[in-house]
Amino acid sequence: MQEKEVADKVDLLVQGIALKRFQSHSRFADIEVTKLEVPDPGIGGRWMALILIAGKSIRITFKVHFHEYVTRIVAANLYGKKPETLTVHQILDFIKEFCNLTAGGVKTQFETSNLTVGISLPLATRGFDDVFFPVPNQETGFGTSWLLTVPSGQFKCSTFIEVMDPKALDNVSFEVVEKADDGEVEFL
Amino acid sequence: MSTSINQDLQASHQILSLIEQAKTRSETTLDQLPGIYLVFRKDGIIMRSNEMSSTILEMNPENIIGTSIQKFFKSHIWTIFQAKMEQVLLENKAQEFEVPVLFKGEELIFYFHLSVFDVKSWTGLPLFAVIGHDVSQLRRMQKQLSEIFATIPLGILTVANSGKIDTQISSYTEPLLGRVNLAGLTLEDVVFSGAREKFNLANVEAINSLNSVFGQPEMLFEAIHDNLPQMVELNINSDVRYIRLTYQPIVIDGNVDRLLVVLEDRTQIVLAQIREAESKQLEEVSVRRILQIKKCAPDILEVLMEDMNHSVSEVKAIAESMDVRKLANCLHGIKGNARVAGFDYIKDTCHVLETNILQNGEKSDWNDVGQKIDSVILEWKEFYSLYRALYQNPDQQQNKTIEMDEGRIKKIQELFNKYNNLMQIGKQSEIGLLGERISLALRSFNFLPLEKLQSSIEMKVKETADQLGKMVKLNCTWGQIQVDPAVMTSISNCLLHLLNNAIAHGIESPEVRLQNGKEEVGHILVHFKESIGMIEAEVSDDGAGLDQKRIIQKALKNKLITIHNYGNMPKNDAYQLIFAPGFSTAEVVNDIAGRGIGLDAVQGSLAELGGSISVSENFPSGTKFSFNFRSSETISLDKNCIPFAGLVKSIQKALLEVQEEEGFKIGFSGFLYESKNIPGGLFYGDLRKLNLALTTYVGNFVEVNGSILVDLDVNSVHGEVHVTLKKSISENEKPSTDTPKRSSRLEFSLPLRLCEQYIRYHNGDLEKLSDGSLVLKFGTFLGPNQIPAFEVGLQEGIDPKKAVGTRDRLLEVASASGIVLHFTDATSRLQLCSSIGEADLGFMLGGTKDVLLKQLLRVIEVDQL
């Protein structure tokens, strides 16, 4: 497979895992995924959370731009509290955990196919900080963006995928495996 | 292994959490910046904002991301903003500018700092960071301040240590000096060069040394200060302007850093002083001539005058013929008559001339001889016209007036001698209230009775009536009123016009009058009466009255009113239209009534005399003009704001002075007695004129009533000071057998009329109480509770430590005058400042108590009075 082909498959994998993790994490079933045809360079929200999945063959940066007021409603479901009682810290933790779950899902999928990758700790910061990230090099990396739409608003997710060794991913299954929902959310 | 990884993760997580917290704090700080803070793309899309931006855009802080900065502005302002963005990119330099921002439909002025953000967006578009502060309030205050500055009639500028004028000058400076672009010029260019001719050597040396004092200790400036010109006379736009200069060094660390120069237009005051001096001189000369004429016995004088008149009429022709002997004889004859008559100037000049031509014969300087003869002729003409006025008036009116009061003439002579003695003792400015009072008395002596107008008015009325075929009976009551000669002329003109108007347009022809059931003779009544300080008059006739319809038609035709506003115009308002300029036309004023001055000019003349005029219907028929005016010309006052305690002290001093000079016994009461309990407060007025008036009233009161108690009190509600003159208690208690005598000293009775005006010019009034006391009320007084509190700040850049001394002195003088000052760190209208800068109303650092008090009082004067 070529790098682009691999990246597209990985992108779909991340999308699938992210959707499933978000559904289970937020207890919302009715969530839509809308792919943005052209990667959106804008700031998708006041806040941003991100996580890095990295191995010798591939490196994936997963970012979620979000607004506090949208997230507050979604997170309230999980915390079992009224939206207005949640602190900013809890809201940020919620999205960081979502990043962590998504990255964990990708890592598990790769490791099932004997491809070893590591994941970083998730980080939350201001959406504006996206401008400090390097501009994607179209020859070595591939960026995509998509929207996770919930009734209260949208989350703009984006992946930036760099494929160093496409052959190493020949044996990887890109079929999203349903993860048993253990009902536990772990906040570091 | 797994445990170790978990621990690593835990540790990394903790570090990241700390960094996140620190970052969040920084971001929160940016969010809470007091102005606008935005990062946006070149296409205007906002990528980062703060809370103030959300407030102005009235958007949730989260939704503002992704919207356009264009929403802040009107379209044309956005174009300007875009141009500034281009400029930032082109010059690679931040731009600072002010543009209005829309907020709830209003425009607020924001001061923006626009720069390129050092990271580009993913699209490659440059990012901009902008910080904006709302300066609307500041600009409003600046505008208010500018308006205040514009109302201060002072030129204020500073001279830098380079000797050049700074850019910061008060707005009045340029019009005052009649030139623009003063910054960068020197004082020499702007002020001194135009007036050098009148400087003395000391002035010139001081001006030349001025530049050398910059950077030097203040004492060096003090050494030259007294010799710097205090007043300059400049020709500005072909007018003479007198400008008073005040110099104040701006001292930093003990050395003169700059020089503050305050320029005050004193033209009106100086011209008034010149006029007053000329007028006084003329009065003195006239009085002297009258006294000389009156010294000579009338029967001898008659012969001498005719003889001299004959000789003087020939002397010029004889001089031109250069016949030495004949001229000497003629001069000798004039000299002899002049000696007998007591005309010293003519006598002395003729003597010198006679000696001169007899010594030099035909070689005499004939030009000089001709000039001296001209001066003799001029002096003679003055004497002769006075003589004719005194002795040869056909109805002997004036002659009678003067002759019937020989005692008065003697007293005036005494008065004049007293004044002359004072003049010889010292300069006029040093002769004190007594000298001024005598001078006023001499001036009042010239006042003429209005009744003098009777004969000429009667004659002119008859002439006009005959010419128009009307029968008129004039009835005048003059109220024994006397006025300044200049006022007499104005009133004569006004009266003549009103009478002509009445005859031409009011009184009907005898036939019409008979047809209307009136007697064929029309009646015109002229009535004058004097109330305190003002003369009131009426000219009424029993003629046809005013034609409201015709007046309205004329006013419409002459566009004095419009078709829209005449409909509801009350009848009386319509009548007043006849005073409008341009109302008089041939249709309304015929050749008789149109002669001389128009009704608008009558109104103008009366206004110049502090009066006014109105017209109304006369009952049962006809027209009535009612007018008033002051009995003398306008008085110029030099008003200042002073602490009330200062006023009390000054009045005490003046009363003690008159007591000592005249030997009066004056009892003090009220604040004059209880000087420890004098309240705070400020008084605004011409202290010297008031003291002159008060002491004159006191003197007159003593002369008339024999004893006096002077009480001083304030009426804070009316903003008035009350001085009550009453008989002293001890005098009241003992039964008086003496009948009070009229004043025998003319210096206390003659100037009363003018002194009364001084009181009135201070928003004042006089009230006679039933017990004979006289209350003089005058303002303007601000009680302690009426003085506003002021906020004083520090000029930007001033080190508060350096202002401590000035602040303490300022507080001390303010407190002593009952003025409340609050000191604040913020910028205020009143500032402690090192230079004039942007704060004309500031207080100069290093100023003495006197200077600070004067500045403070000036602020109150401008603000409140």
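Predicted model: local features only at pLDDT ≥ 70, side-chain atom pairs only at ≥ 80, totals over all residues.
Student: What makes E3 and E7 of chain A a strand pair?

Tutor: The cut-off is at least two bridges. Strand E3 (residues 58-66) of chain A and E7(A) share eight bridges, in the antiparallel sense. They therefore count as paired. Within E7(A), Ser158(A) stands opposite Lys63(A).

Student: How do you know that E6 and E7 of chain A pair?

Tutor: Apply the cut-off of at least two bridges again. Strand E6 (residues 141-150) of chain A is joined to E7(A) by 10 bridges, and the two run antiparallel. So E6(A) and E7(A) pair. Gln154(A) in E7(A) is the bridge partner of Thr149(A). A hairpin of two residues links E6(A) to E7(A).

Student: Now the interface. Why is the link between Arg46(A) and Asp31(B) called a salt bridge?

Tutor: The nitrogen and the carboxyl oxygen must lie within 4 Å. For Arg46(A) and Asp31(B), the closest N and O atoms are 2.9 Å apart. The pair therefore qualifies. Five salt bridges are counted between chain B and chain A.

Student: Which element gives the most to the side of chain B that touches chain A?

Tutor: Elements giving two or more residues there are helix H1 (2-31), strand E1 (36-41) and strand E2 (46-48) of chain B. H1(B) gives the most, with nine residues. That side divides into 10 nonpolar, six polar and eight charged residues.

Notes. Residues numbered from 1 in each chain as written. Chains lettered and ligands numbered in written order. Heavy atoms only, no water. Helix = DSSP H or I, 4+ residues; strand = E, 2+ residues; numbered from the N terminus. Salt bridge = Lys/Arg side-chain N within 4 Å of Asp/Glu carboxyl O. Nonpolar A, V, L, I, M, F, W, Y, C, P; charged D, E, K, R; others polar.
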